[in-house]
Each structure stands twice: as structure tokens, then as C-alpha cells.
Amino acid sequence: MSARFEPITGRYMHLDLFGRPHRVYVEEAGEGTPLLCLHTAGSDGRQYRGLMNDARVTAKHRVIAFDMPWHGKSSPPAGWHEEEYQLTSAQYTTMILEIAAALELDRPIVMGCSIGGRIALHLALEHPERFRAIIGLQAGAHVDPYYDLNFLHRPDVHGGEVCGAIVSGLVGPDAPEKERWETLWHYMQGGPGIFKGDLYFYKLDGDIRGRVAEIDTRRCPLFLLSGEYDYSCTPEETLAVAKSIPGSEVTIMKGLGHFPMSEDPQAFLTHLLPVLEKIGRG
Amino acid sequence: MIETLRERVNGDEGLVRRGRYLTTTFLLEVGQTCWLIQIFEGRIVSVASGPFVMPSSSFALRAPEEEWKKFWSARPPPGSNDLLALVKRRVLKAEGNLQVFMSHLRYFKEALAKLRAQGATA
């Protein structure tokens with residue numbers, strides 16, 4: 001078999017975040033309307049490989065995904081070895097706005113999954129003017145902890161094994177085996193304590209239940225897409241968010257789980273492409 | 001059906017290999033019925049049904065019979081397709097020394113999913 005290259009390019013961006021120098025890995029493919037993609041907790045931008053390799057998306061969109069600091073090929077900031085990583089709403093918001101500005105993106109579409117779907121709701125509430133549309137995947141206003149998060153980071157439990165095993169059931173039953181295990185592999189590769197630190201935002205700091213109804217979709221259109229088999233952010237939770245936000249559009253994706261863009265990109269695209277078309281029509 | 005766990009797990013070479021550092025006994029409660037499942041280096045050596053006078057185990061997994069029935073169906077519905085889905089809905093209680101369970105979470109998920117109608121995946 002001859003070698004071939006995917007149309008994805010990756011670069012390392014240096015910028016200051018939260019007053020400290022950071023080295024952030026950014027991937028992109030395609031041309032047109034910027035589509036900034038946010039990965040889930042404990043994973044990285046590879047989750048969007050399916051979109052970046054699909055001409056139906058990249059013909060009209062510049063698809064961009066960055067690995068959050070501490071994730072994927074992005075570095076933790078100098079001094080990390082003395083710290084405990086914990087993601088907050090304020091840091092997450094700042095990071096997205098700063099990186100979008102550094103890339104000179106003109107009112108991108110922002111699409112995030114899980115923690116990315118949650119921060120999408122924060123962005124819709126606090127910074128709607130910065131985006132032309134917001135897409136929340138597996139987006140809920142809050143998730144109660146349902147297992148002891150300390151198991152994600154302790155020396156007598158292998159971090160990679162447990163992170164992969166924790167989320168394995170969140171993949172839908174029809175996902176192709178290759179994509180299912182690629183998705184889990186990303187989890188198995190996370191740094192020690194990083195998935196747990198992201199979940200600080202997801203399960204504690206990022207609770208937006210009290211404010212989610214204030215989102216004004218006249219300022220920025222909001223689309224919510226959730227997989228049927230997600231028991232972390234259930235379809236019911238997404239439907240509740242949609243019901244409380246007039247003008248939001250919601251899709252429950254049959255057979256899909258918590259990682260639609262990564263676990264089954266082809267099935268996900270049948271739901272995403274009509275949304276992108278609608279956004280394109282303005 | 002639960003008695004078949006031994007042959008179903010031991011017949012999966014990869015699963016046994018992934019459990020090679022696992023030696024323990026855990027208790028499985030299916031409604032009113034209890035089972036003690038003994039594992040030695042990833043192989044299930046015995047599956048004994050209760051009632052027991054003084055069952056000794058590292059941890060216990062307890063759920064109503066109808067919940068296990070859904071979990072063990074060929075295509076479990078959303079919310080019943082994974083041990084943690086049951087935990088999330090507060091219908092599966094995991095009790096005891098959960099370090100054993102969590103350090104081998106993939107093993108326990110896959111082992112118990114072996115009781116699904118043949119041909120189904122975890």
C-alpha cells in the first residue's frame with residue numbers, strides 16, 4: 001500500500017494564557033468559515049479527525065481544533081510538576097477567546113463536546129457576539145458526580161487504564177470498532193490527573209443551571225446535538241436545556257454516544273451537515 | 001446462566017491476559033440471589049450461588065434482577081448498556097474495597113458483559 005497524507009496540518013502556537021507562557025498544538029484543515037472545535041475532558045483534538053478528513057465539511061469550512069494545555073501535544077506550563085491541574089470556567093473561556101483571537105478567526109462557529117458542550121453554553125451566555133453560531137454536543141447544564149473521581153488519579157490504579165474504562169460505555173453500540181478504540185486510546189494517553197482536573201469544571205465549577213435560560217439565541221444561534229446512549233449527559237438533560245432556551249434547536253442522535261465526532265464520524269455527519277448548511281444560509 | 005461466566009471468561013484469552021494481576025473474590029447480587037465469584041490471575045475458578053452464612057469478598061455489586069436482565073440483553077437500551085450507566089442511575093451499588101474493582105474496571109465490565117446473549121459486544 002502506498003503512503004498517503006491526510007489534508008490536516010498541525011502547528012505549535014506560543015501564547016500567554018492566564019499570565020503564563022504556553023505552547024499549544026493546533027490542527028486545521030479546509031478553507032472557508034472558521035469552525036473551532038473543542039475536545040472532551042481528558043482527550044485531545046484528534047477527536048475531530050473525521051471532520052477534518054471529510055470534504056463535505058472542509059470544502060466550505062476551515063476546521064480548527066487545539067489541544068487544551070496539559071492535553072494531547074500541548075505542553076503543561078513550566079512549573080506544572082508542582083501543581084494540581086484543575087480547569088475552571090474562567091480559564092476555559094479565556095483560553096478559547098485568546099486562541100480564537102490569536103488565530104485571527106472572524107466570528108467562528110464554535111463547536112464543543114461534553115466539557116466543550118458545557119463551555120459552549122457559557123460562551124452563548126457571556127460572549128455571543130464573538131461567534132456566528134454555537135454548537136453544543138452532549139451539552140448539559142450540570143452533571144452530578146456518579147463515581148469517586150479520586151480513582152482517576154492515584155498510584156494504585158493505572159490512570160490510562162481507568163480513564164479508558166470509565167468512558168468505554170459512553171460510546172454508542174453501533175460505533176465502528178476502529179473508531180471506538182481510537183476514541184478510548186486518546187483517554188488512555190492522558191496525563192496523570194488531567195481527566196480528573198477537567199471534570200472539576202464539568203461536575204463542580206461549570207454548573208450553569210441557574211443561568212442557562214438567560215441565553216439569547218437572537219444574539220447567536222444555538223444548536224444542541226446529543227447521542228442517545230450518553231449516560232453522562234443524557235438526552236433528557238440536553239432536552240431540558242433546549243426547552244429552557246427559546247430559539248435553540250435540538251437533535252437527539254439515535255445510536256450515538258458521548259463522543260459522536262470521534263466514535264462514529266460518518267453517522268455524526270448525517271446530523272451535523274444539515275446544521276452547518278443552515279448556519280451557512282444565515 | 002451466571003454459572004456460565006467461568007467458561008465464557010476463561011475462553012477469552014485476551015480478557016484472561018488483561019486480568020493476570022487480578023486475584024480476588026467478589027459478590028454479585030442479582031435481586032434476591034447472591035453469587036460469589038472467585039478469580040485467580042484473571043481466570044474464574046468458581047461461581048458459587050448463595051445463600052451464604054458469612055460470605056467474604058473484596059467488593060460487592062448489587063442490583064435488582066430486572067436491571068441485570070436489561071444489562072444482559074443482546075442490545076441493552078440506553079442507561080443499561082454499561083456498569084457505570086447503572087451506577088449513574090443509582091440502581092447498581094458498588095460496595096467494599098473498590099480499588100480492586102476500579103483498577104480492573106475494563107476486566108469487570110467485559111467479564112460481566114460476557115453474560116449477554118452470544119454475539120453481542122460489551
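**Ground rules.** I am working with a predicted model, where local features need pLDDT of at least 70, side-chain atom pairs count only at pLDDT 80 or more, and totals for chains, interfaces and linings use all residues. Residues are numbered from 1 along each chain as its sequence is written, chains are lettered from A and ligands numbered from 1 in the order written, and side-chain values use heavy atoms, without hydrogens and water.

**Entry 1, α5 and α6 of chain A.** I looked up helix α5 (residues 159-167) of chain A and helix α6 (residues 177-188) of chain A. Helices here are DSSP runs (H or I, at least four residues), strands likewise (E, at least two), numbered from the N terminus. The two helices pack at about 140°, with axes 7 Å apart. That angle makes α5(A) oblique to α6(A). Axes are lines fitted to C-alpha atoms, for helices over the stretch in contact, and angles run from 0 to 180 degrees between N-to-C directions. Under 35 degrees counts as roughly parallel, over 145 as roughly antiparallel, 65 to 115 as roughly perpendicular, and the rest as oblique.

I then listed the contacts (heavy atoms within 4.5 Å). Gly160(A), Cys163(A), Gly164(A) and Val167(A) of α5(A) meet Leu184(A), Tyr187(A) and Met188(A) of α6(A).

Helix α4 (residues 115-126) of chain A packs against helix α7 (residues 194-205) of chain A at about 45°, axes 10 Å apart. This pair is therefore oblique too. From α4(A), I found Ile115(A), Arg118(A), Ile119(A) and His122(A); from α7(A), Asp198(A), Phe201(A) and Tyr202(A).

I find 24 residues of chain A in contact with 20 of chain B. The chains bury about 1,900 Å² between them, 59% of it on carbon and sulfur atoms. Buried area is the accessible area (1.4 Å probe) that two parts lose on being put together, summed over both. Tyr146(A), Tyr229(A) and Tyr231(A) supply 32% of what chain A buries against chain B, more than any other three residues.

I searched this interface for salt bridges (a side-chain nitrogen of Lys or Arg within 4 Å of a carboxyl oxygen of Asp or Glu). The rule finds one. Arg75(B) pairs with Asp174(A) in a salt bridge, closest N and O atoms 2.7 Å apart.

I noted a cis peptide bond from Gly50(B) to Pro51(B), omega near 5°. Pro51(B) sits in the loop between β3 (43-49) and β4 (59-63) of chain B. In chain A, Phe18(A) has phi near 55°, a positive value in a residue other than glycine. Phe18(A) lies in the loop between β1 (9-17) and β2 (20-29) of chain A.
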